[in-house]
Amino acid sequence: MTRPEQVAENIALVREKLRQARRVVVLTGAGVSAESGVPTFRGAGGMWRTYRATDLATPEAFTKNPQLVWEFYNYRREVLHPLQPNAAHKALAALEKRCQHFVLLTQNIDGLHQAAGSRAVLELHGNIWWVRCTGCGLKAEDRRVPIPFPPHCDACGGMLRPDVVWFGESLDSGVLHRAYTTLEECDLMLVIGTSGVVQPAASMGLYAQQHGAFVVEINLEPTPYSRAFDVSLLGKAGKLVPQLVKEPI
Ligand code: BV8
Ligand code: ZN
């Protein structure tokens, strides 16, 4: 267990690194949205009612039973749509305004970073508020709650799917390329609210570190990467992130 004085020292160290940093990259996971009321997938507080995301967030599940998969996403849209960004989302949006170069990589599909004012956001796993046609590939924002089943494309009549990356699907190559370029160039990386289970996002912290970045983890509980990263701060993102970025830096 980290002693209180050590936590204070670590926070002071990370604030100093933020002061010196010219290129900052942040990677977030479900833990950064937890204090907005968004259920996480694993670890403390997780799970989406009786649904197992890893069973339903797959192309096989959608082929087999598109109605059940749309029921899963409509349930999550109902849970998500009244929720607001929390102090961690807002602190990251404020940090972006103060950094020379800043990119926020998120595994989250809830859109709360953009709602908090973040601009340079790369959504590694897509966005629940967008749909994609399985026929012609047309993408569109669609905020209906729920989306009536079966949802058809206006252009070609094809079946619409959530515009998210499912397990077993590759991430968008353009998004990945931009993400790895920022990881190679950054001098400071914050990894916030992720259990470090899902690849390839889980390896991005080590990748940045191997390219010279100082990597800080902020998470409610230890992860497989906690001991590898330069600093691991245990606690709630909504409390720690504002502490790290509060003015004057
Ligand atoms: C791919 C969108 C190429 C859908 C999601 C290599 C090794 C092993 C496995 C693989 C591998 N490469 C590929 C795989 C398979 C798979 C994978 O990683 N499986 C896991 C389960 C082992 N990966 C893929 O399929 C990826 N594709 O690599 O393509 C390929 C293709 C075919 C075959 C092989 C390779 C695609 C992965 C994307 C899946 N889509 N989401 C949807 O959401 O419906 S992933 C899903 O999990 C979410 O996006 C979520 O963000 C993400 C990761 O979870 P976390 O964000 O970390 O959330 P979690 O709940 O786990 O943790 C939250 C943490 O926060 C906890 O630690 C908790 O303690 C903490 N916390 C809680 N409250 C707070 C807090 N922290 C701070 N403050 C708080 N208040
Ligand atoms: Zn279409």
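**Chatting through a zinc site and a sheet**

Q: Is Cys153 buried or exposed?
A: Cys153 counts as buried, because its relative accessibility is 6%. Buried means under 20% relative accessible area, exposed means over 50%, and partly exposed is in between (1.4 Å probe, protein chains only).

Q: What kind of model is this, and how are things numbered?
A: It's a predicted model, where local features need pLDDT of at least 70 and side-chain atom pairs count only at pLDDT 80 or more, while totals for chains, interfaces and linings use all residues. Residues are numbered from 1 along each chain as its sequence is written, chains are lettered from A and ligands numbered from 1 in the order in which they are written, and side-chain values use heavy atoms, with hydrogens and water left out.

Q: OK, back to the cysteines. What coordinates the zinc ion (ligand 2)?
A: Cys133, Cys136, Cys153 and Cys156 do, each through its SG atom, at 2.2 to 2.3 Å. Donors are N, O and S atoms within 2.8 Å of the metal (3.2 Å for Na, K and Ca), and water is not among the atoms, so sites may look incomplete.

Q: Why is the arrangement called tetrahedral?
A: Because the 4 donor atoms subtend angles of 97 to 116 degrees around the zinc ion (ligand 2). Four donors count as tetrahedral if all angles lie between 85 and 135 degrees. Four count as square planar and six as octahedral if opposite donors are over 155 degrees apart and all others between 65 and 115, and anything else is irregular.

Q: What spacing do the donors follow along the chain?
A: C-x2-C-x16-C-x2-C. One of them, Cys156, is partly exposed at 42% relative accessible area.

Q: New topic: how many helices and strands are there in the chain?
A: 9 helices and 9 strands. These are DSSP runs numbered from the N terminus: helices are H or I with at least four residues, and strands are E with at least two.

Q: What order do the strands of the open sheet have?
A: The 6 strands go 3-2-1-7-8-9, with parallel pairing. Two strands pair if DSSP finds at least two bridges between them. At the edges are strand 3 (121-123) and strand 9 (231-234), each pairing on one side only.

Q: Which strands does strand 7 pair with?
A: Strand 7 (residues 188-192) is joined to strand 1 (residues 23-28) by 5 bridges, running parallel. Strand 7 also pairs with strand 8 in the parallel sense, over 5 bridges. Leu188 stands opposite Phe214 in strand 8, and Val24 stands opposite Leu188. Leu190 is the bridge partner of Val26.

Q: Which way do the residues of strand 7 point?
A: Leu188, Leu190 and Ile192 point one way, and Met189 and Val191 the other. In a regular strand the side chains alternate between the two faces of the sheet.

Q: Last one: what share of the chain is buried?
A: Buried residues make up 50% of the 249 residues.
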